[in-house]
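Subject: Structure handover

Hello,

Here is the structure I said I would pass on. My notes on it follow below the entry.

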Amino acid sequence: MSKILALYTNEMIKLSRKLSVWILIALMTTSCILVPFLTKRMYQANLSYSDESESLDKTQLTKIRDSLRESFGDQNQYVQHDTIRFTIQNEIIELFATYLSLDEDDVYSYASYICMNTILDNYNFDKYPLNGSLLADHAYTLYMDETSNLCFMNTIPFSERDNAWYDEYIDTTERLDLANAALFSHDMDAMIKLVARKNENNGTFSLSIWKDLAAIDPEGRLSIKESRRLAEALIQREKYRKNLEMGVDSYNYSYIPLTSARRAQIEDSLLILDYQITHDKLPNETTELGVATKQVTHRAARFFLVIMMIIIAGSSISQELATGSIKSLIIAPVKRWKIFTAKLLSIFTWGLFGSILITFLSTLSTMICIGSSSLPPYYYVSGGAVKVMPHLLFTLLYFLVDNISLFIYILTAFMISCLTRNTGISVGVSAGLLLGASISTTLNSMFGHQLWIDFLPFSNMDLLSNVFPHLGLIGYLDSDMAGLFGVADYHAIPFSFSVTYLIVLSLILLLIAYDGFVRRDIQ
Amino acid sequence: MTNPETKPALQIQKVTKTFGKKTAVDQVSFDLFPGEVFGFLGPNGAGKTTIIKMVMGFFRPDEGTIIINGYNRKTHYEAAMSSIGGIVENPEMYNTLSARLNLQMYARLHQGVTKERIDEVLELVGLTERADEPVKKYSLGMKQRIGLAQALLHRPRVLILDEPTNGLDPAGIHLLRDILKKLAHEDRVAVMVSSHLLSEMQLMCDRIGIINHGKLLRICTIDELMHQAKSSSSYRIKTSDPKKARDILAENFDSRISNINDDTLDIEIDESRINECVRCLVAGGSDILGVQKLESSLEEAFLEITGGGIDIE
């Protein structure tokens, strides 16, 4: 044991004197520090752009109204009314519609024009910013729609108006009334009635979503972003419910029967989502930015880490053989398996060190750049209740699982190094495997899922989506759940299969490496 | 000096090693005793390095036993290897690290090597002043010295040096020779040196083993080899007329004439008959300007043992 410790100390000294190691550590550190700053800047630039497009105040509305009016320039003589009262006052509207035999575009412009006039006169911009909440935004769109509808109906000549027309006409005016109430009185009930009447998924959200939304936010006070997020969560919840009800899993536009494991997973997701909705713990703008920043940073730094580890592991034995420095190890009174063990342990230590470094740095710099509240806790279900895992603990576990693929890459590079005793081959082949890892995704998409694809190492290397099935619920991007080098096809490969596979694979790699170094002669 | 009562420090018993179809070492057995410098002599490719690499743990022997300091290498690897030190081919260190750090790292793998001992061996090989430079700045000779320092660091009972004089300057060779002799004769270390240079062996070794084609052909002391050489020594006789001298000897004396030059004549006779030979020449009227003994017969003896005609440089 003391011999292994001595060898291990020596190996650590040797690795710490490698220039390539320090260059890659510098790159890892740099990307950990730089990427969050870049992400933040890009986000801010994007934010100022999207803010402009979303806000709609009185001045802007006036400008739009005026430009609309200009387009009516020479038709002004026909325009009898600037406003329309949306009670059933058939004569007035009929009059205007008959006088103006406008084409479709002009009807739409005219309808918009009178809508804006009405809004400018009657809307309380201070109380509810227009477009400021989902309710206001939607009511505004529907109000415009119904007004246009009404105008179009009025372009139908009297001779062609039958009973169906009158039924439709009454219906439209009633809908317009509801839109009116929703817009000007901010009446959520009116909005729900209107959505129910339209009886189709005309808007973004269905009736049940609106009902859920109204239950949480009866006055429609949530900002448009917040309520959109909420609505998306509600949609997701409905989707989960539907999946459970139907017993299928929708995946890539196809339907797969739910396995019992997947059913349990969806049930958990549903519980968490419920918890998030009722406790106001849904991802928000800050946490979304925080999570995305951390993911991007971690991924960039991790790329350098994997390259570094492939170089270290791939050169560990072969470089010593090439330079001949292995001699002083062979001559020493230590058994060869001890050299082997110490080398492997020292490589893992560096991998662990690098991994801790990037995990720590990417978390820290995200917290500095985006804010400490930007990193959400992870939610999981235990014993039928939703539990909260603090972000730091979650990060630690995430990092352990994330390192499984790193471990396999290290073993592969080390094995090839022991077997071929050639640094170029071992580093080259391992780097090739790293870059070619996406092959299983490609194969999956080319031939559909086939059993043998499950037996590729790459298909089993990502366990993140198995260990953390609810990452998406706190805003982790799907693509990252696939890990840098794996595929998140959690339907196809059961967790226990992947774990067994990886253990067997590691043992085989170790055995080949052991045979290559310990049992063969050193030339 | 060889002392049959002492237990051998290194025993090699019927060791065989094949590479593919080629038998590199064939049933080699010999013992190495404390206090002697053993020379391993053979042409290039004879199997010297293969034997050394087997002793040092690079190769596993296909057959046979290696016992170091009483421990069987196979069953008590670490105990056996802890009493051995040496250099195989060129000494290779971790080039980016300093000599001192290299030694410290090596010392960590042995028991009881102190910091003072590291300073001591650095002093011994004369590298104290440059010990903190990275090894890549060293010349070949300096690398040999640091290799020797490493080999001696843990006071091994058996010291094995493969071509130790490679790259050393004459002063270095002299130093090495002194160190080895002192180690063997004073500290009772068993020293084994391999070389293809006979002259070097002559100056350094007490016993030599001659190897060719993987077979150990002969083990003898330097004296025995010298004696074999002496039994038919060459003499160079300087005379104004070598041809005349040749004719006189051909008529009156039983000897072999190996070479004739403008003013010299080389003959091969037994040492005891040289007086008789000169008298015969003088009697025949030849003028003797000088008689010189030629040492080259040692090499001839070597060639004779190894089968001759091989590159011995």
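Among the elements of chain A, which has the lowest mean pLDDT and which the highest? The lowest belongs to helix 4 of chain A (residues 90-99), with a mean of 45. The highest belongs to helix 14 of chain A (residues 336-370), with a mean of 93. Please keep in mind that this is a predicted model, so to speak of confidence here is to speak of the predictor's own score for each residue.

Confidence in chain A

The average pLDDT of chain A is 81, and 85% of its residues score at least 70.

Make-up and domains of chain A

Chain A contains 21 helices and 4 strands. It has 523 residues, of which 36% count as buried. For contacts in chain A with a separation of 6 or more, 76% are between residues 24 or more positions apart.

The A-B interface

How many residues of chain A are in contact with chain B? There are 21, and they meet 23 residues of chain B. On the chain A side, helix 1 (2-16) and helix 13 (327-331) of chain A each supply at least two residues. Helix 1 of chain A gives the largest share of that side, 7 residues. Sorted by class, the side of chain A that touches chain B consists of 9 nonpolar, 6 polar and 6 charged residues.

Chain B

Chain B has 11 helices and 14 strands. Of its 313 residues, 39% are buried. The C-alpha trace of chain B spans about 75 × 45 × 40 Å along its principal axes. Among contacts in chain B between residues at least 6 apart in sequence, those joining residues at least 24 apart make up 71%.

Chain B is assigned two domains, domain 1 (10-227) and domain 2 (232-301). Their C-alpha centres in chain B lie 43 Å apart.

One sheet of chain B can be followed strand by strand. It is an open sheet of 4 strands in the order 2-1-4-5, with antiparallel pairing. Strand 2 (22-32) and strand 5 (71-72) of chain B are its edges, each pairing on one side only. Inside the sheet, strand 1 (residues 10-19) and strand 4 (residues 63-68) of chain B form an antiparallel pair over 5 bridges. In that strand 4 of chain B, Glu63(B) is the bridge partner of Thr16(B).

Regards

Key. Residues numbered from 1 in each chain as written. Chains lettered and ligands numbered in written order. Predicted model: local features only at pLDDT ≥ 70, side-chain atom pairs only at ≥ 80, totals over all residues. Buried ≥ 20, exposed ≤ 12 C-beta atoms within 10 Å, placed from the backbone. Contact = placed C-beta atoms within 7 Å. Nonpolar A, V, L, I, M, F, W, Y, C, P; charged D, E, K, R; others polar. pLDDT = per-residue confidence, 0-100. Domains from an automatic or database assignment. Pairing = 2+ DSSP bridges.
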